[in-house]
Structures are given as C-alpha cells and as structure tokens.
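User: I want to learn how to read strand pairing and helix packing in a model. Can you take me through it step by step?

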Amino acid sequence: MDLLMMVNHEDKKAVLGNEMIEVKRGQRITSIRKLCDKWSWSNTKVTQFLNLLQNDGMIYLKSDTKKTVITIANYDSYQSREEGKTIQNRRDNSTKQTEKRTNKNNKELKNDKEVKSPSCRKPEIYDEDSIPFQLSLKLFNNIRKNNSGFKQPNLQKWSDEFRLMMERDNRTEYQIAHLIDWCQQDSFWKANILSPSKLRKQYDQLVLKIQSEEQTKQNKSPQQFSLDRPNHWKEPKPLTKEEISKLRKMENELPY
C-alpha cells in the first residue's frame with residue numbers, strides 16, 4: 001500500500017544528477033537507503049521484501065548504482081479500484097456531511113422555535129416586591145373582600161399575566177391598579193373578573209364603562225350659579241329712617 005501511494009499517478013520527468021529521467025505512471029525512483037529510512041527497516045529486510053513482491057509479480061525492479069526504479073505491475077487496475085473507492089468515499093462523506101448539516105439546521109430551528117414560542121418560555125419567578133406580584137396580591141385581596149372563601153390562586157401565574165399586560169399591551173401599573181379597584185366594586189363585574197386573564201380580556205370594555213360613568217356624573221352635577229350682582233341691575237337706594245324703624249318693629253314682634 002505504501003508503494004502504491006508513492007508511485008506517480010501520471011507520467012512525469014525528474015532530474016537525477018545531470019540526467020533528465022522520464023518516470024512513467026505507476027513508477028517511483030528511489031533507493032534502498034531511502035526505503036530503509038522510511039520504513040525503519042534494515043537494508044537486508046528491504047531488499048528481501050522488494051524481491052518477494054517482484055517474485056510474486058506485483059512489482060518490477062530496476063536498480064543501478066544511482067537509483068532503484070520500482071514499477072507497480074498492473075497499476076491501472078489498482079488505480080481504478082482506488083479511484084472507485086475514493087469516489088464512493090467522497091459520496092459517503094458528502095451524504096454524511098449533508099445529513100449533519102440538515103440535523104444541525106433542524107436542531108437550531110427547533111431551538112429557535114422553543115426560544116420564540118411563548119409556550120416553551122421558561123417560567124419567570126417573580127419576587128414578592130415586584131410590580132406584577134403586587135398587582136396579583138391587589139386583585140386577590142379585592143376578590144377576598146367580596147368572597148372570603150375564594151381559593152388562593154397561583155400568584156406566580158397571575159404575575160406573569162400582569163407582566164404581559166404591561167409589556168405587550170402597554171398598560172401602566174397605575175391603570176391596572178385603578179381597574180382592579182373599580183371592577184371589584186362594581187356589582188356586575190366583581191362576579192366576572194376573577195383572574196388577570198379575564199381582566200386583560202375585558203380591559204377595553206371596562207375602560208369604556210368607566211368613561212361612560214364619569215360622563216354621566218358630569219352631566220348630573222348641579223349647575224353653578226354666580227352670586228355676583230348683574231351689571232344691568234340698578235344700584236339699590238339706601239333705606240330711610242322710617243323704613244329702618246318699621247323693620248326693627250317687625251323684628252321685635254317676631255315670636256322667636
């Protein structure tokens with residue numbers, strides 16, 4: 001196998017001393033000494049091995065004082081088999097690489113979907129001092145005021161829903177807190193808003209209801225009258241002594 005890898009795959013020319021030597025396909029110019037160094041064998045072992053291959057018809061040897069020419073017998077048949085194996089190996093490697101890339105892409109796509117998918121999002125743990133958790137407690141305590149037997153929910157899940165209201169729906173904590181107080185005081189909505197998801201779903205409708213009530217209150221508020229004297233009224237005349245005397249007399253005759 002080593003000799004097959006060493007020989008030329010095509011016709012070439014090589015310079016040896018002052019000579020230009022043509023080296024055919026399947027040939028190699030070397031020496032016993034070089035092969036000894038390459039294989040870490042003794043001179044005798046290398047010579048015996050090459051003679052063995054030649055006697056078996058696998059190679060042809062031609063030696064002189066300067067060189068040893070090794071020719072692989074039937075090199076084309078070896079090369080055809082090797083080329084076939086090489087092509088098949090390349091195909092197999094290409095197929096394996098394609099499968100690896102496909103599997104890698106599928107894995108990356110799956111991981112990307114898992115990251116982006118809300119259902120696969122790693123649940124967040126909310127601290128008790130966080131705004132979402134405080135809003136959850138506010139809703140829970142308001143519901144408990146109306147129904148003392150209301151079962152305590154998963155406040156972490158409630159907190160996550162309030163987080164979505166603020167991050168995705170752009171609701172402020174003050175707007176949400178005001179809506180919680182209002183809906184739990186309303187005779188109809190306090191029985192229907194029993195979770196953050198329900199509050200989120202009915203948010204716009206609740207806001208419209210609040211605005212409608214505010215408008216109604218403004219329309220029913222008493223009108224404000226000015227106590228200032230109209231400019232077109234004449235200035236009153238001062239009371240006379242007789243008029244003052246009559247008023248005092250009437251005041252004294254009052255029973256109270």
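Analyst: Start with pairing. Two strands pair if DSSP finds at least two bridges between them. Keep in mind that this model is predicted.

User: In which sense do E3 and E5 pair, and over how many bridges?

Analyst: Strand E3 (residues 27–30) pairs with E5 in the antiparallel sense, over 4 bridges. In that pairing, Thr30 stands opposite Thr68 of E5.

User: How many bridges join E4 to E5?

Analyst: Strand E4 (residues 59–63) is joined to E5 by 5 bridges, and the two run antiparallel. Here Tyr60 stands opposite Thr71 in E5. The link from E4 to E5 is a hairpin through 4 residues.

User: How do I read the two faces of a strand?

Analyst: In a regular strand, side chains alternate between the two faces of the sheet. Now take E5. Thr68, Ile70 and Ile72 lie on one side, Val69 and Thr71 on the other, and all are buried. With 5 of the 5 residues of E5 (residues 68–72) buried, the strand is largely enclosed by the rest of the structure.

User: Now the helices. At what angle do H5 and H6 cross?

Analyst: Angles of 65 to 115 degrees count as roughly perpendicular. The axes of H5 (residues 131–146) and H6 (residues 155–167) come within 8 Å and cross at roughly 115°. That makes H5 roughly perpendicular to H6. The crossing is right-handed.

User: Which residues make the contact?

Analyst: From H5, they include Ile131, Phe133, Leu137 and Phe140. From H6, Leu155, Trp158, Phe162 and Met166 are among them. By class, the contact has 12 nonpolar, 3 polar and 1 charged residues.

Technical notes:
Residues are numbered from 1 along each chain as its sequence is written. This is a predicted model: local features need pLDDT of at least 70, side-chain atom pairs count only at pLDDT 80 or more; totals for chains, interfaces and linings use all residues. Side-chain values use heavy atoms; hydrogens and water are left out. Axes are lines fitted to C-alpha atoms, for helices over the stretch in contact, and angles run from 0 to 180 degrees between N-to-C directions. Angles under 35 degrees count as roughly parallel, over 145 as roughly antiparallel, 65 to 115 as roughly perpendicular and the rest as oblique. A crossing is left-handed if the near helix is turned anticlockwise from the far one by less than a right angle, and right-handed if clockwise. Contact means heavy atoms within 4.5 Å. Ala, Val, Leu, Ile, Met, Phe, Trp, Tyr, Cys and Pro count as nonpolar, Asp, Glu, Lys and Arg as charged, and the others, Gly among them, as polar. Buried means under 20% relative accessible area, exposed over 50%, partly exposed in between (1.4 Å probe, protein chains only).
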